[in-house]
Amino acid sequence: MTADAPAAPRSAYIDATAGIAGDMLLAALVDAGADLDGVQHVLDALVPDSVRFVRRRVDRGGQSATKVDVEVRVEDPPHRTWSSIRALLEGARGRDDVPARTIDLSLAVFGRLADAEGATHGVPADEVHFHEVGALDSLADVIGACEAWRQLGIEDGTGSVLAVGSGRIRAAHGDIPVPVPAVARLALGWPTVAGEILPARGHSHSHGHGHTHGHGHTHGHGHDHDHPVVEVPDSDATVPAHMAGGPHEHGGRRVPAGVAPGIGELATPTGVALLRGLARTAGPQPAMTVLVLGVGAGTKDTPGRPNVVRVLVGTAGAASPAAAAGSVAAADAHDTPTAAVQLEANVDDLDPRLWPGVIEALLSDGALDAWLTPIVMKHGRPAVTVHALVREDAAEEASSLLMDRTGSLGVRRHRVERTIRTRSFESVEVDGHRIAVKVARDADGSVVRREPEFRDVAAAAAAAGVSEREMLARARAAVDG
């Protein structure tokens, strides 16, 4: 039978800085204490005699981790549409052997997958055939991870920056770039890094290549590429043959000239959909008392680069001793401090096309906010002031990043105090598309505003073929309704 959820609500932090796949997140949650027999019970209730979970202990890059293998017990698993998966889950409502919250979480995850795959292949979400996602092993990953999340009593989640990988891979319809199209769409609005997450300045670093997860992708939607593909030695990355020239050295390996081999695929659609469906916000680990750590392993073992997902589970909002003494700024439930440092630099010689990348780099590096102000400098020269609001302990690193990205020779710093309304996230479904909604609350907990997240609105508008203005109006109507 399924395990009872703990009485005290918990929060979780998903560390996807080495990438993420569905089986890895499931394994991390099992390592954190979820009952795998209970997960098996739920899968058996939904798809009897179809899959079996096998748990084992493995080493990944020197780290001990839990690996959960999904053994498919059906010779020819059926491909499923989103509508059939939804019917399967909805049909289990009211049953004692399938918890309602597991159904809700699974529907949210699969809904995101359907939207991403439908937009990628130009078909309505309900008609998407989940060849990889709908296979039994991936059904097990999604439903299993959602059930494990429920068992652990996790009510709120935060996720790290997501490593998506780089290079190219082979799929059923040909040679495609990393991140694969579905991952690229699922990651819209989430901080990502392609390939490596670089260490602090002054530290040596070597690239580990060929890091892949256990679930390959067979996107069978007929998008074939007719050019031949060259295999890059010791890597899952591939490149079109017409790009290959003379060989050169890269990370101690000889690869075709003009080709960046890439690190391979680090994030799968199933893994990213689970990250987006379970974690409401992205950013550094919020203030919490960590009670347990779970480490889940992928299939590949790359020396020097542990192929793991970590999940930290604990109670939210607990302050450290320093914070209790008043030396650390108070934060709301989503780690937004009331005291911060505002960085500023005047720049008059940067190509304006580079500014969006500067802002994105600051935000991806953890800035609370970043923006530009047009100004006029001495001698009447038009210029821009770039501003970044950062945590006090991140001011030095953010200043270096700002100077590196803009060429500025100096950065001004101002300590600021802020009055903050706490925020959380909900979601609404509009024409089959899930849109996040930011909820702002006063100090007494009363809701003062609900506003759809515009990036989700824009993605839904593009998928539905309507204007962003129209989709925003529909989303607001769904929120108000």
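Q: How many helices and strands does the chain have?
A: In this predicted model, the chain has 12 helices and 26 strands.

Q: What share of the residues in the chain is buried, and what makes a residue count as buried?
A: Of the 481 residues, 48% are buried. A residue is called buried because its relative accessible area is under 20%.

Q: Why is helix α5 called roughly parallel to helix α7?
A: The axes of α5 (residues 136-151) and α7 (residues 269-278) come within 10 Å and cross at roughly 25 degrees. Angles under 35 degrees count as roughly parallel, and therefore α5 is roughly parallel to α7. The crossing of these two helices is right-handed.

Q: Which residues of α5 and α7 meet?
A: From α5, the residues are S138, D141, V142, A145, C146 and W149, and they meet T270, L274 and L278 of α7. By class, this contact comprises six nonpolar, two polar and one charged residues.

Q: Why is A462 called exposed?
A: The relative accessible area of A462 is 63%. The term exposed applies over 50%, so A462 is exposed. This residue lies in helix α11 (residues 454-464).

Q: What separates the C-alpha atoms of A462 and A119?
A: The distance between these C-alpha atoms is 7.9 Å, although A462 and A119 are 343 residues apart along the chain.

Q: What share of the contacts between residues at least 6 apart in sequence joins residues at least 24 apart?
A: Among those contacts, the share is 70%.

Note on methods: Residues are numbered from 1 along each chain as its sequence is written. This is a predicted model: local features need pLDDT of at least 70, side-chain atom pairs count only at pLDDT 80 or more; totals for chains, interfaces and linings use all residues. Side-chain values use heavy atoms; hydrogens and water are left out. Helices (H or I, at least four residues) and strands (E, at least two) are DSSP runs, numbered from the N terminus. Buried means under 20% relative accessible area, exposed over 50%, partly exposed in between (1.4 Å probe, protein chains only). Contact means heavy atoms within 4.5 Å. Axes are lines fitted to C-alpha atoms, for helices over the stretch in contact, and angles run from 0 to 180 degrees between N-to-C directions. Angles under 35 degrees count as roughly parallel, over 145 as roughly antiparallel, 65 to 115 as roughly perpendicular and the rest as oblique. A crossing is left-handed if the near helix is turned anticlockwise from the far one by less than a right angle, and right-handed if clockwise. Ala, Val, Leu, Ile, Met, Phe, Trp, Tyr, Cys and Pro count as nonpolar, Asp, Glu, Lys and Arg as charged, and the others, Gly among them, as polar.
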